[in-house]
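Q: Could you take me through one part of this model in some detail? I would like to follow a single site and the side-chain pairs that go with the topic.

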Amino acid sequence: MAMRIGLKPCEWERDGADLIVVCDPSRSVQLDDPDGQVERLLAALRDHPGTVAQLRAALAADGLEVGVDEVSGALSALDGLRMLRDVGRPVDRERAGRSFSNLAFFELYSSLEVNEADLQQRVRDAHVLQLGTGGLGSNVLQNLAGLGVGRLTLLDNDDVEPKNLARQFVYREADLGSSKVHRAAGWVRAFHSDIEVRALRRWVGGPADVTDLLPGVDLVVSGIDQGERIDNWVNEACVRAGVPWIRGGMTGSQLIYFSVDPGRSACYECRVHAYGDGRAIASSVLPPAAVTAQRLSARIPRVNQANGPSAALIGSLVAFEALRYLTDYEPPYAAGAEVLVDISGGCAQRREPWPRDQDCDVCAGAWAARAAGKPA
Ligand SMILES: [Zn+2]
């Protein structure tokens, strides 16, 4: 059966030869429409949603004769602007219970091909491995559970301490002295009983410990503070298995996250080859004084100075990146790039990509596999 096409809630107004159209307050589009054909198509979509043939008939009744190809081309352009919906597959948010807000969010990004319910289903079908349930992890966890991720595997080896209560809100006073990962899993079960959650009380001793956990996993989120090599290990395991991973952290008044999309972005090892190890902020365009400042800042003992709002903010940014990977509602923002948030600058963000190393022995296989059209 032919798809029945309609318009998402939109408003428009003519400005000379242009049409200003708004479906989302943060995105307005200006369409070139000297002869008023686009405006008549928008009106037909709003008033007479239907198949291409029905839309052509509505336009003809309005005195505008247009060919199938012309209408199809215009519809595909409007769909690219995320303005259309398939009215034959209505999504009833009111009956969606706890998914209501997720579906409302997805409406901003849905298309004729992939609607809100499809995007929500991708989240439900996903399995996320989360390394660390501390400052970053516990905040990411609450967001992943609210988004409705179907399966979660959590790993951590700490116990809940009083100091955690300032910024790790899955834990309560009654949890003090208990295993963090088991309490975090308990929080998930109480919050959303349909989520399948597995708790692993341990640390990671090398890439193989991560590799063992990757079968069936769609995405890894790491907020683990454990030794110098942990990011190299997670990177090696994930890139070789073709599983994307996201790292989030906090140093001083700066929040940082990045992600690695195997075979599509530079990997963490490429970054190490380019800039050296450690968490110093790297950039090829920094003035010499800033490079010196970086070198000095790398010498300062790393102390995690994040409070609740900082941990919640970086947790949210990482959860957004996770949602990009899980649903493809938009491309990953931090693939092969550090995103830095300066707490003291009103939380302004900047993005610093790092170069791919063509000779990187960790990600070469992933690039080759992607080029050959196979999963890594
Ligand atoms: Zn690499």
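Predicted model: local features only at pLDDT ≥ 70, side-chain atom pairs only at ≥ 80, totals over all residues.

A: The side chain of D225 meets that of R247 in a salt bridge, 3.8 Å from N to O. This pair links distant parts of the chain, with D225 in the loop between β9 (219-222) and α9 (230-241) and R247 in strand β10 (residues 245-251), 22 residues apart. R247 is buried, at a relative accessible area of 4%.

D261 and R264 form another salt bridge, their closest N and O atoms being 3.9 Å apart. Here D261 is buried at 9% relative accessible area, while R264 counts as exposed at 52%.

Next come R271 and E338, whose side chains meet at 3.1 Å, N to O, in a salt bridge. R271 lies in helix α10 and E338 in strand β12 (residues 337-342), so the pair ties together parts 67 residues apart in sequence. Both R271 and E338 are buried. In total, the structure holds 21 salt bridges.

C270 is buried, with a relative accessible area of 1%, and C360 is buried with a relative accessible area of 1%.

Technical notes: Residues numbered from 1 in each chain as written. Heavy atoms only, no water. Buried < 20%, exposed > 50% of the residue type's maximum accessible area, 1.4 Å probe, protein only. Salt bridge = Lys/Arg side-chain N within 4 Å of Asp/Glu carboxyl O. Helix = DSSP H or I, 4+ residues; strand = E, 2+ residues; numbered from the N terminus.
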